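Here is a short tour of a structure for you to follow on screen. Keep the viewer open as you read.

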Amino acid sequence: MKINEKRLLADLTALREFTDTPGKGVTRFSYGAQDQRAREYLFGEANQLGCSIKVDALKNVRIMMPQNMEGRKRVVMGSHIDTVRNGGWLDGIYGVTSGLEVLRTLKDAELGKNLELVIFAEEEGSNFGSTMTGSKFISGIYTEPDLEKLKTDKGITLKEILQNPPPEAIAQVPWDFSQIEAMLELHIEQGPVLEQEGLPLGIVDTIFGMKVMEVELSGTGNHAGASPMEGRRDALCAAAECIVAAESLVKPHGRAVATAGKISIRPDCSNVIPESALFTIEVRDREEETISRYMEQIKEEIRSICQRRGIGCQIRETSQSKPLALDRELIGKMDSLAQSRNIPAKIMDSGAVHDACMIAKHAKTGMIFVPSIGGRSHVPQENTREEHLLQGAQFLLELAADLTGAEENH
Ligand SMILES: [Zn+2]
């Protein structure tokens, strides 16, 4: 059994055009017009297969094969179709189009019972600044009150965007996980590891956990010309030193990562010494203990820098997620499948979190990576070699066929 390569590439090329920023990467936010166009395209294809389509109150989608049998557990494949602003053409949508191609191939072979394709809504957090919103509702992490807490930067709530869905509809969103045999997400790596090692396929072992701290520094604002360098209490200079210190602490050890991704200063004027600086530092690793250790070391370093500079500092931990080990049995299955097909695959960790991680808390979950050229993602240059895209989709087909017992029933 083989996927139809042309058909898959045609889907990817067609969907690439559904962007708010033509020529400048793909910008397709959930609940927007381009998201709608992409949905219509995918629903059209699914209808041709005779699939039934279920859209929940959050606009997560489940596309079910017509031959699905009542009472049999389902294997679910999928990912997301939304993007960041000026993002790439493969992130998320590659897993969705590959899943669609698997449905078609199995349909052509009159197989594919108990198989579903899922499209998770609002994975990137482009609207509300919170990632994996759709899958968080599916897994019960988010519930009805969160509809009003999640707001766009214009202050529009998720509830308003969804046109005030009734509580009963929201209550229907979480999945009945006793009905899920396995969840499979095929995704681009978004990092450089596979390419550097010359490997076409990655099998995800552990998803990095993370902790985030918010640091508020307060110094003294003053005239940028009339204040001598000596005796200044410059909050931004202190922040810069803290951020570089965090980098220096974590960098030599290889695996863990620390990032200061957000900073704001007051008064933010070219001719005033910054009085206050607010920034975040997040630390990620596969081990919770390592994350906590680095967090403590960074906090200690920040306090000592601030003390030396006469700067006030307040540190708050704002969010965290635990590292997540994916299903051992499924990893083993994927590993043997790769070996039997002579595909050199790497069992590796994922530094990024994906929708599958939300499902992994409740059902057997596997993630497959294909290489990203130059390790780049979330940018218009995001790309993967065609042969790797096709091989990844073929791998998904064989895995799905195996898990749904399609091979045996044939
Ligand atoms: Zn993604």
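## Starting at Thr 131

Thr 131 is partly exposed, with 18 other C-beta atoms within 10 Å. On this scale a residue is buried if 20 or more other C-beta atoms lie within 10 Å of its own, exposed if 12 or fewer, and partly exposed in between, with C-beta atoms placed from the backbone. You are looking at a predicted model, in which local features need pLDDT of at least 70 and side-chain atom pairs count only at pLDDT 80 or more, while totals for chains, interfaces and linings use all residues. Residues are numbered from 1 along each chain as its sequence is written.

You will find Thr 131 in the loop between strand 4 (115-120) and helix 4 (133-138); helices (H or I, at least four residues) and strands (E, at least two) are DSSP runs, numbered from the N terminus. Leaving out residues up to four places away in sequence, Thr 131 touches Glu 123, Glu 124, Gly 125 and Val 353, where contact puts the two C-beta atoms, placed from the backbone, within 7 Å. Val 353 is 222 residues from Thr 131 along the chain, yet their C-alpha atoms are separated by 8.9 Å.

## Two domains

The domain assignment gives domain 1 (5-207 + 323-409) and domain 2 (209-321), with bounds that come from an automatic or database assignment. Their centres, taken over C-alpha atoms, are 36 Å apart. Across the boundary, five residues of domain 1 are in contact with seven residues of domain 2.

## The nonpolar core

The largest nonpolar core has 106 residues. Such a core is a set of buried Ala, Val, Leu, Ile, Met, Phe, Trp, Tyr and Cys residues joined through C-beta atoms within 7 Å. Helix 13 (residues 386-403) gives the most to this core, with ten residues, and the core draws at least three residues from each of domain 1 and domain 2.

Leu 396 is among the residues with the most contacts inside the core. Neighbours within four places in sequence aside, Leu 396 is in contact with Met 77, Ser 98, Val 102, Leu 184, Leu 186 and Ile 368.

Which residues of helix 1 are buried? They are Leu 8, Asp 11, Leu 12 and Leu 15. Seen down the axis, the buried residues of helix 1 fall within an arc of 95 degrees, so they line one face of the helix; the arc is that of the directions from the helix axis to the C-beta atoms. Their cover includes helix 2 (33-48), helix 3 (93-108) and helix 13. The face turned away from the buried side carries the exposed residues Lys 6, Ala 10 and Thr 13.
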